[in-house]
Amino acid sequence: MEVKKMGKICCIGAGYVGGPTMAVIALKCPSIEVAVVDISVPRITAWNSDQLPIYEPGLEEVVKQCRGKNLFFSFDVEKHVSEADIIFVSVNTPTKTLSLGAGKAADLTYWESAANAFLAQRISSVNAMSALCEATGADVSQVSHAVGKDTRIGHKFLNASVGFGGSCFRKDIVNLVYICECNGLPEVANYWKQVIKVNDYQKNRFVNRLVSSMFNTVSGKKIAILGFAFKKDTGNTRETLAIDVCKGLLGDKARLSIYDPQVTEDQIERDLSMNKFDWDQPIHLQPLSPTSVKQVSIAWDAYEATKDAHGVCILSEWDEFRTLDFQKIFNNMQKPAFVFYGRNIVNVEKLREIGFIIYSIGKPLDPWLKDMPAVAQY
Ligand SMILES: NC(=O)c1ccc[n+]([C@@H]2O[C@H](COP(=O)([O-])OP(=O)(O)OC[C@H]3O[C@@H](n4cnc5c(N)ncnc54)[C@H](O)[C@@H]3O)[C@@H](O)[C@H]2O)c1
């Protein structure tokens, strides 16, 4: 049997998965020609320019090193597919918007739903524990540490936060729920729905805690939002919890100053004014009116965002947020100065010493917060 030497691979879809994965394959396998094709002309044009459409640490260097040598971005899908020895498919699998299964079913059947649903379930589980910790004075980090020591459970995906975001988790659970419903399994469907409900509850809880701590209203107050991408080291904002938190605060007429190291102003404005699919969405997630968009400004750095702010929300765990000069931030803020931690990344005690009033998910509450109701009273 003749064994053909493998020379060319092609990836259909130059998105968050296809682009970076193929760039690394090209780097590691210089003898293989890698073509990444896409029907989106702006996306391919961006991959061929100095402004790549996607941010990941080190990606730009890898692309610059390989592009034009053994890595090519093209919209000539047919040509590259027909020439390839191996074809990867990494196109998006959008949720149906019309007819049977609208808002619930994937246009393609996918195998990743179950794995993602299990991962999301772990996050909702630890987030549910974080609420209990706050109510009882326990520390969720210690609970996670102890639980994670059990090798049957392990330590991954046990960090409490404002909730999960990203393109996959919610979408895959919604699909799973739909498949269960179609197969006459309403109890199983309801079980998985609960994972999303806890996620929405956690976001609402964060907003409620923030509003109630700040004298029951954020109307007219400046709140700095640090981090808008759904996690650190990406400019990807799909399903980011920052959208929900911002909309919740804008609902109470806060003025927001948003800073993220990678997300553009255009993207933030688009995200905040978009109309989400309203399957089981909390009520505050309505599209924003032009008036509320005016309550949002985008800052160039964390210091500009927090200047004269009444409160700061840290929503994603970018490394640069760990090393901020919090004394400087405190000096330039209104008093009392509040910090609300959506991710437990900074030493809370040090910040308390500076003078901040701090809320950190699942941690023992500040004396100030203990006296405040968990939900704003109107
Ligand atoms: N398992 C996981 O944890 C995980 C994580 C991320 C993404 N994914 C999956 O990977 C896939 C890709 O995700 P992504 O984030 O890169 O999506 P993306 O939306 O960033 O990119 C998809 C790209 O495919 C292109 N495309 C769509 N239809 C096409 C076609 N017919 N021909 C050529 N190009 C086409 C789009 O223009 C887009 O640029 C999705 O199915 C997603 O669900 C899985």
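**Reading a predicted fold**

Biologist: Against which elements do the buried residues of α1 pack?

Modeller: Contact here requires that the C-beta atoms of two residues, placed from the backbone, lie within 7 Å. The buried residues of α1 pack against the strands β1 (8–12), β2 (33–37), β3 (71–74) and β4 (86–89), and also against the helices α2 (41–47) and α3 (59–66). In the whole chain there are 15 helices and 10 strands, and 41% of its 378 residues count as buried. Among contacts between residues at least 6 apart in sequence, 74% join residues at least 24 apart.

Biologist: How many residues does the largest nonpolar core have?

Modeller: A nonpolar core is a set of buried Ala, Val, Leu, Ile, Met, Phe, Trp, Tyr and Cys residues joined through C-beta atoms within 7 Å. The largest one has 73 residues, and those with the most contacts inside it are Ile173, Ile225, Leu226, Val245, Ile258 and Cys313. Helix α8 (residues 186–213) supplies the largest share of this core, 8 residues. A second, separate core of 22 residues includes Cys10, Cys11, Ala26 and Trp47, and Ala26 is also one of the buried residues of α1.

Biologist: Which residues are closest to the ligand?

Modeller: A residue is near a molecule if its C-beta atom, placed from the backbone, lies within 6 Å of it. In this model 20 residues surround the ligand, and the closest are Gly13, Gly15, Tyr16, Val17 and Asn92. Gly13 lies in the loop between β1 and α1 and is buried, with 21 other C-beta atoms within 10 Å. Setting aside residues up to four places away in sequence, Gly13 touches Gly18, Asp38, Val89, Ser90 and Val91.

Biologist: From which domains does the shell around the ligand draw at least three residues?

Modeller: Domain bounds come from an automatic or database domain assignment, and the shell draws at least three residues from each of domain 1 (8–89) and domain 2 (114–370).

Biologist: Where are the residues of the "binding site" annotation that covers Lys171 and Arg238?

Modeller: UniProt positions are given in the numbering used here, feature names are shortened, and annotations may be inferred rather than shown by experiment. According to the unreviewed UniProt entry, this annotation covers Lys171 and Arg238. Lys171 has its place in helix α7 (residues 169–182) and is buried, with 23 other C-beta atoms within 10 Å. Arg238, by contrast, is found in the loop between β5 (222–226) and α9 (241–251) and is partly exposed, with 16 other C-beta atoms within 10 Å. Leaving aside neighbours within four places in sequence, Arg238 is in contact with Gly166, Ser167 and Phe230.

Biologist: Which backbone angles deserve a second look?

Modeller: Most residues other than glycine have a negative phi, and most peptide bonds are trans. In this model the phi of Glu239 is near 55 degrees, a positive value in a residue other than glycine. Glu239 is found in the loop between β5 and α9 and counts as buried, with 20 C-beta neighbours inside 10 Å. The phi of Lys253 is likewise positive, near 65 degrees, and Lys253 lies in the loop between α9 and β6 (255–259). As for peptide bonds, the one from Lys335 to Pro336 is cis, with omega near -5 degrees, and Pro336 lies in the loop between α13 (326–331) and β9 (338–341).

Definitions and conventions
Residues numbered from 1 in each chain as written. Predicted model: local features only at pLDDT ≥ 70, side-chain atom pairs only at ≥ 80, totals over all residues. Helix = DSSP H or I, 4+ residues; strand = E, 2+ residues; numbered from the N terminus. Buried ≥ 20, exposed ≤ 12 C-beta atoms within 10 Å, placed from the backbone.
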